[in-house]
Amino acid sequence: MALSGIQIYKLLPQTNCKECGFPTCLAFAMKLAAKQAELAACPYVTEESRKQLAESAAPPIRLITLKAAGGEIKAGNETVLFRHEKTFFNKAGLFVKVKASDGAEAIKAEVAKANAYKVNYVGIELCVDGFAVEADGGDFSAAVKAVRSATKRPLILVGKDTAVLDAGLAALPGENPMLCGADASNWEAMADLAKKYSASLTVSGASLDELADLTAKIQAKGVEDMALEVKGDNLSQNLSLATQLRRLALKSNFRPLGYPLVTFTEGGNGRDAVAAAQAISKYAGFVVLPRFAAELFYPLLVLRQNIYTDPQKPIQVQPGIYEINNPKPESPVLVTTNFSITYFSIANEVEGSGLPAWLVVCDAEGMSVLTAWAAGKFDSERIAKTIKTMDVASKVSRKRIVIPGHVAVLSGELEAELPDWEIRVGPREAVDVPAFMKQALI
Ligand code: SF4
């Protein structure tokens with residue numbers, strides 16, 4: 001039973017020392033009750049109170065980890081329904097499914113292709129997280145070995161027949177894979193198998209009641225790491241189910257359903273893409289797609305990246321002078337902010353054009369140009385200070401800077417701040433910068 005904020009407060013030291021980052025013990029207690037703070041933030045809780053608070057402090061959605069030689073994927077530990085309330089923590093793992101019936105050679109080729117895929121998005125490397133192998137006939141053990149020969153990333157083994165799955169799990173010594181397929185018909189044997197191989201277990205039920213009943217029984221058999229399969233008949237049902245499960249875990253602290261969610265997507269004509277996008281947004285811990293294609297994964301990886309960034313901490317690049325295409329002293333100086341997407345938009349456009357430039361990135365606390373200007377973080381004073389402290393003048397033979405078109409209003413003030421410099425107003429959009437450089441900066 002979850003404790004209320006007042007009950008938690010009574011177990012805290014009540015000294016209001018603020019070391020937890022909250023102004024009072026009561027404020028901290030309220031955040032703990034809302035699952036928006038960690039008990040570890042208070043160094044003064046007594047051991048006795050810590051024990052009593054353990055249940056309240058435990059994450060409402062259990063953290064589970066899939067491990068293999070090539071890395072690990074975590075899911076769970078989420079504390080909010082909506083990203084803007086705090087942040088989402090563990091990115092939904094994106095997996096590619098192969099079928100044992102396809103045969104070892106075809107499996108190897110498909111997995112090798114997906115495994116080699118890497119893409120750089122605003123300085124972050126994105127890739128496929130792991131693979132699922134379905135026991136749908138054929139030699140399952142050979143299929144698992146074929147996958148393992150082409151990738152070292154975490155695996156999910158899918159099937160109902162525990163003897164077949166056992167043969168596949170035996171091919172993964174020392175790993176913590178996920179076993180998928182427990183339901184009312186086979187849960188006992190699946191729980192035994194998960195325990196034997198230290199695997200986490202994905203459970204499905206015909207209703208939420210049945211699902212809660214199954215997880216309680218499986219837990220009683222000694223399997224703690226579980227995930228819940230979201231298995232509606234259509235997208236609408238899946239959305240409804242995922243939302244109910246998340247609400248029950250977070251709002252009602254209903255432990256039997258406090259596990260990460262797994263969604264398998266199917267369907268041609270992009271239906272799998274739509275289903276995966278929905279699952280990433282609400283509230284999957286693992287999303288398994290039936291195929292690999294770069295054009296399918298890239299938008300999903302970017303969507304996931306955007307959903308799982310902390311809304312209070314924009315992705316930033318280091319302020320500084322960036323050299324693009326080996327600039328010379330006569331090359332132009334472009335000025336922008338240190339919001340990653342802003343930086344990469346302009347850097348990629350200029351780099352792609354082959355034109356050399358000095359790109360001066362100001363510290364605007366990670367905000368984009370207009371937002372930073374509106375917040376007073378990208379004004380003439382700050383730009384001038386950046387130009388001076390980074391000693392941009394020592395790099396160039398012509399003192400001329402180009403500011404983004406969105407802050408044209410700053411040009412007059414900037415002339416006053418930097419009287420030795422020529423101030424030019426560039427285009428509003430990054431895509432127009434190369435043409436501007438060719439036509440206006442001769
Ligand atoms: Fe209270 Fe502990 Fe926070 Fe200090 S650190 S204010 S004692 S909850």
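Reader: What do the buried residues of H11 pack against?
Author: They pack against strands S3 (93–99), S4 (118–121), S5 (124–127) and S12 (284–289), and against helix H10 (271–281). Buried means under 20% relative accessible area, exposed over 50%, and partly exposed in between, with a 1.4 Å probe and protein chains only. Contact means heavy atoms within 4.5 Å. Helices (H or I, at least four residues) and strands (E, at least two) are DSSP runs, numbered from the N terminus.

Reader: What kind of model is this, and how is it numbered?
Author: It is a predicted model: local features need pLDDT of at least 70, side-chain atom pairs count only at pLDDT 80 or more, and totals for chains, interfaces and linings use all residues. Residues are numbered from 1 along each chain as its sequence is written, and side-chain values use heavy atoms, with hydrogens and water left out.

Reader: Back to H11. Which of its residues are buried?
Author: Leu296, Phe297, Leu300, Leu301, Val302, Arg304, Gln305 and Ile307 are buried.

Reader: What should H11 span, and how far apart are its ends?
Author: H11 has 14 residues (294–307), so at 1.5 Å a residue it should span 20 Å. Its end C-alpha atoms are 20 Å apart, which agrees. The expected span is 1.5 Å times one less than the number of residues.

Reader: Which strands does H11 lie across?
Author: H11 lies across S3 and S12, and runs at about 150° to S3. Axes are lines fitted to C-alpha atoms, for helices over the stretch in contact, and angles run from 0 to 180 degrees between N-to-C directions.

Reader: What do the eight strands close into?
Author: A barrel, in the order S3-S6-S7-S8-S9-S10-S11-S12, with parallel pairing. Two strands pair if DSSP finds at least two bridges between them. On average, neighbouring strands of this sheet are turned by 25° against each other, direction ignored.

Reader: How many bridges join S3 and S12?
Author: Four, in the parallel sense. Val96 stands opposite Leu289 in S12.

Reader: What does helix H5 touch on the sheet?
Author: H5 (residues 140–150) touches S3, S6 (130–134) and S7 (155–158). Its direction makes about 165° with that of S6.

Reader: New topic. Which residues have the most contacts inside the largest nonpolar core?
Author: Leu157, Leu179, Leu201, Val287, Phe297 and Leu334, in a core of 91 residues. It draws at least three residues from each of domain 2 (64–307) and domain 3 (320–441). A nonpolar core is a set of buried Ala, Val, Leu, Ile, Met, Phe, Trp, Tyr and Cys residues joined through side-chain atoms within 4.5 Å. A second, separate core of 23 residues includes Val369, Val396, Leu410 and Leu414.

Reader: What does Leu179 touch?
Author: Among its contacts are Leu157, Leu165, Met190 and Leu201, not counting residues up to four places away in sequence.

Reader: How is the chain divided into domains?
Author: Domain 1 is 5–57, domain 2 is 64–307 and domain 3 is 320–441. These bounds come from an automatic or database domain assignment. The centres of domain 1 and domain 3 are separated by 47 Å, taken over C-alpha atoms.

Reader: Where is Leu53, and is it buried or exposed?
Author: Leu53 is in helix H3 (residues 47–57). Leu53 is buried, with a relative accessible area of 1%. Its contacts, leaving aside neighbours within four places in sequence, are Leu3, Ile8, Leu11, Leu12, Leu39 and Val45.

Reader: And Ser340, buried or exposed?
Author: Buried, with a relative accessible area of 1%. Ser340 is found in helix H12 (residues 340–353). Beyond its neighbours within four places in sequence, Ser340 is in contact with Val122, Ile315, Gln316 and Val317.

Reader: What is the phi of Asn16?
Author: About 55°, which is positive although Asn16 is not a glycine. Asn16 sits in the loop between H1 (5–11) and H2 (25–33). Asn16 is partly exposed, at 35% relative accessible area.

Reader: What about the phi of Asn325?
Author: Near 55°, a positive value in a residue other than glycine. Asn325 is in the loop between S13 (320–324) and S14 (333–337). Asn325 is partly exposed, at 27%.
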